[in-house]
Amino acid sequence: MYHHLTVVALTPETPDAVTIHLEHPDGQVLPSQPGQFLTLIVPCGPDGRKERRAYSLSSTPHEAPRLSVTVKRVTGGLVSNYLLDNVQVGQQLEVMAPLGNFSLVPHPQAARSLVLVGAGSGITPLMSILKAVLKTEANSRVLLVYGNRNEESVIFQQQLNELEGNSNGRLQIEHVYSQPLHPGGAHQHTGRLNRTALLRILEQRHDAPATQATYYLCGPDGMMAEARAALDLLGVPANQIYRESFVAAAEAAETAALHGDVSAAPAAPAGTRRVTIRYEGSEYVLDVPEKATILETALAQDIDLPYSCQAGLCTACRGKCLSGKVHLDEREGLSDAEMKQGYVLTCVGHPLTDDVVIEIG
Ligand SMILES: Cc1cc2nc3c(=O)[nH]c(=O)nc-3n(C[C@H](O)[C@H](O)[C@H](O)COP(=O)(O)OP(=O)(O)OC[C@H]3O[C@@H](n4cnc5c(N)ncnc54)[C@H](O)[C@@H]3O)c2cc1C
Ligand code: FES
């Protein structure tokens, strides 16, 4: 599950984003799907403690054995600043194998209409998906709607121009700038990437009805809510819409709660609850204290369970609940079908009963 990869190249994308290209020292290929993410494990915490963060692959499987991630600086952020300021070619980085459901399996016979909607660093998984589709699916078409502050904050600017120019019309890019430096260019829109902007752009697209396209959304929660509202208005079925969040809604809620417009989180179950975890042939019995999550209780006891974002977004910690009841603080990463099948996320999961058994892997 864990690998040490060598940094083989660095590509500065914007003043605050860099692409880190990684390869296994033995040339080993780590299987991945376009749109999945890599978990970087970086010793940049207090006293050199290892911190984990998820970074979507901006590369595609046909670039193997190379895996690339693109990291954007978050003000005050521990890992993003460490990576941008310290990573050097030749250095080794510990990673977990690629994971994630926000992905697409390219198929040479496919003839699909894809609409990718992203903002800021949300372009990374979309870049992987669009490169894979252009490379593999000669009959598919991609519309990318990409929101940024201005022309200088566009990640992959040159690559995107080249991909569009060489695509024979299969890739169309519409930029939306909130504060453009040079307003008024072709395929350029001014303002926020909101419902109105997206509806206007989608109306101009005539190659396929909006209800027949598949949509991949990745960006701040506000943008994704606006995009979802636009797609609902157009009558796009929910099973044609995929979304990836980089930041937990709970963090957004904390900020919003300062303004007093978010209700309190549901009360945690009272007392300590017993949980049995089955993982890689071993069985662990945990007494999970009130308010603690199953994952943090396991980690406190040095049980090495898989995890990445610790925020209920990425599903690296996913397990199947075989008995008992678990409350999830966040379920962004799980589909309705996974919820119905009894999947839970240990990083945001609290046992509600004493007979919880979770099987991981
Ligand atoms: C599935 C998945 C894929 C991801 N892919 C990418 C990617 O391709 N590129 C990329 O740059 N990041 C990506 N992220 C985000 C990344 O994992 C980190 O959360 C991000 O780099 C911040 O980490 P940090 O240690 O610098 O900040 P932290 O020290 O964890 O956080 C510092 C503060 O910044 C806030 N914050 C955290 N993340 C963001 C954000 N993205 N925007 C605004 N505020 C934030 C936190 O709420 C906190 O208050 C992804 C996250 C997930 C879950
Ligand atoms: S560690 Fe990412 S969802 Fe639990």
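In strand β19, Glu359 is the bridge partner of Lys320. Strands here are DSSP runs of E with at least two residues, helices are runs of H or I with at least four residues, and both are numbered from the N terminus; two strands count as paired if DSSP finds at least two bridges between them. The model is a predicted one, in which local features need pLDDT of at least 70 and side-chain atom pairs count only at pLDDT 80 or more, while totals for chains, interfaces and linings use all residues. Residues are numbered from 1 along each chain as its sequence is written, chains are lettered from A and ligands numbered from 1 in the order in which they are written, and side-chain values use heavy atoms, with hydrogens and water left out.

Strands β15 and β19 take part in an open sheet of five strands with mixed pairing, in the order β14-β13-β19-β15-β17. At its edges lie β14 (282-288) and β17 (343-345), each of which pairs on one side only. From one strand to the next, the twist averages 35°, with axes being lines fitted to C-alpha atoms and angles running from 0 to 180 degrees between N-to-C directions.

Elsewhere, strand β8 (residues 141-148) pairs with β9 in the parallel sense over seven bridges, and Val142 stands opposite Leu171 in β9. Between β8 and β9 the chain passes through helix α3 (residues 157-165), and this β-α-β crossover is right-handed, meaning that the path from the first strand over the helix to the second runs clockwise with the strands pointing away from the viewer. Strand β9 also pairs in the parallel sense with strand β10 (residues 188-190), over three bridges; there, Tyr177 stands opposite Thr190 in β10. Six of the seven residues of β9 (residues 171-177) are buried, that is, under 20% relative accessible area with a 1.4 Å probe and protein chains only.

Leaving aside residues up to four places away in sequence, Ser128 touches Pro34, Gly35, Leu57, Ser58, Ser59 and Thr60, a contact being heavy atoms within 4.5 Å.

For the protein as a whole, the secondary structure comes to eight helices and 19 strands, and buried residues make up 49% of the 361 residues.

Conventions. Buried < 20%, exposed > 50% of the residue type's maximum accessible area, 1.4 Å probe, protein only.
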